[in-house]
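Morning, everyone. I'd like to walk you through one chain today. Please have a look at the slide before I start.

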Amino acid sequence: MSDNLKVYQDNHIENEDEEIYERSNGKGKELVDFGKKREPLIHNHEVLNTMQSSVKTLLSSLGEDPEREGLLKTPLRMSKALLFFTHGYEQSVDEVIGEAIFNENHHEMVVVRDIDIFSLCEHHMVPFHGKCHIGYIPDQKVLGLSKLARVAEIFARRLQVQERLTRQIAQAIQAHLNPMGVAVVIEASHMCMVMRGVQKPGASTVTSSVCGIFEKDSRTRAEFFSLIKSNK
């Protein structure tokens, strides 16, 4: 029996409430929403027309002329860009993972690091971008490696704060794969700190979310952090 499996079995308590809840709905705990928030809108003319009208109002409020040559197509371009930046609302974790969960007698750590992520800060609607590192220890089931990056993409392509994004990725993997544990670290630069406010280029924000064996066993947690830092 591997050390990871022994530590997991010694510490794991079967508890449906463990780590996978986001908020209270007044009637008890509510699962993190892993589903779709909207249908694809990039070709929805009614939505695009409404958004274009709002962008024209915004341009006018900034002191610009929406009818000048350089801005004539800006409302449509901006509307389509915002829909693309937030297309994670059009995806669900179930759809992305699909049938890519495989039975495998493997109890050692799996790490995918340096996943590029791009998201929009929900406070200022400006970008933050960086790297996401995901690790998990399987319990008889493994996930196709590309699906880890796809899960990160779903939640990154929504209006976000980095802390919640980190937690949602970890909880989605934990809930759908039921591994011995999951660890996620995100390192990102926020344009709201670079282009405005304190205006500090080069500053980065690091957030982490751990559950299962990564939370309970410091050795496993240390191994993960060592792996994502190696050869950098």
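First, the ground rules. This is a predicted model, so local features need pLDDT of at least 70, side-chain atom pairs count only at pLDDT 80 or more, and totals for chains, interfaces and linings use all residues. Residues are numbered from 1 along each chain as its sequence is written, and side-chain values use heavy atoms, with hydrogens and water left out.

Now the sheet. Two strands pair if DSSP finds at least two bridges between them. What is the strand order? The sheet is open, with five strands in the order β7-β4-β5-β8-β9, and its pairing is mixed. The edges are β7 and β9, residues 205-212 for β9, and each of these pairs on one side only.

Go through the neighbours. β4 and β5 run antiparallel, paired over nine bridges. Val110 has Tyr136 in β5 as its bridge partner. The two strands form a hairpin with five residues between them. Look at Met125 in that turn: its phi is positive, about 60 degrees.

On to the next pair. β5 and β8 are also antiparallel, here over 10 bridges. Phe128 has His190 in β8 as its bridge partner. And where does the parallel pairing come in? β4 pairs in the parallel sense with β7, residues 159-160, over two bridges. In that pair, Cys121 is bridged to Gln160 of β7.

Next, the helices on the sheet. Contact means heavy atoms within 4.5 Å. Axes are lines fitted to C-alpha atoms, for helices over the stretch in contact, and angles run from 0 to 180 degrees between N-to-C directions. Helix α5, residues 145-156, lies across β4, β5 and β7. Its angle to β4 is about 20 degrees. Helix α6 packs on the sheet too, touching β4, β5, β7, β8 and β9. The direction of α6 makes about 155 degrees with that of β8.

A disulfide is a covalent bond between the sulfur atoms of two cysteines. The rule used here is a pair of cysteine sulfur atoms within 2.5 Å. How many disulfides does that rule give? The count is zero. Cys121 has Cys192 as its nearest cysteine by sulfur, at 4.4 Å.

Cys121 is buried at 5%. Cys192 is buried as well, at 13%.

Salt bridges now. The cut-off is a side-chain nitrogen of Lys or Arg within 4 Å of a carboxyl oxygen of Asp or Glu. The structure holds eight of them.

Start with Arg38 and Glu90, whose side chains meet at 3.0 Å, N to O. They sit 52 residues apart. Arg38 is in the loop between β2 and α2, and Glu90 is in the loop between α3 and α4. Arg38 is buried, at 18% relative accessible area. Glu90 is buried too, at 16%.

Next, Glu122 and Arg164, with 2.5 Å from N to O. This pair spans 42 residues, from the loop between β4 and β5 to helix α6, residues 162-177. Glu122 is partly exposed, at 34%.

Asp217 is buried at 10%, whereas Arg219 is exposed at 55%.

Last, two loop residues. Gln140 is in the loop between β5 and β6 and is partly exposed, at 38%. Asn178 also has a positive phi, near 50 degrees, and is likewise not glycine. Asn178 is placed in the loop between α6 and β8. At 44%, Asn178 is partly exposed.

That's my tour. Questions, please.

Definitions and conventions. Helix = DSSP H or I, 4+ residues; strand = E, 2+ residues; numbered from the N terminus. Buried < 20%, exposed > 50% of the residue type's maximum accessible area, 1.4 Å probe, protein only.
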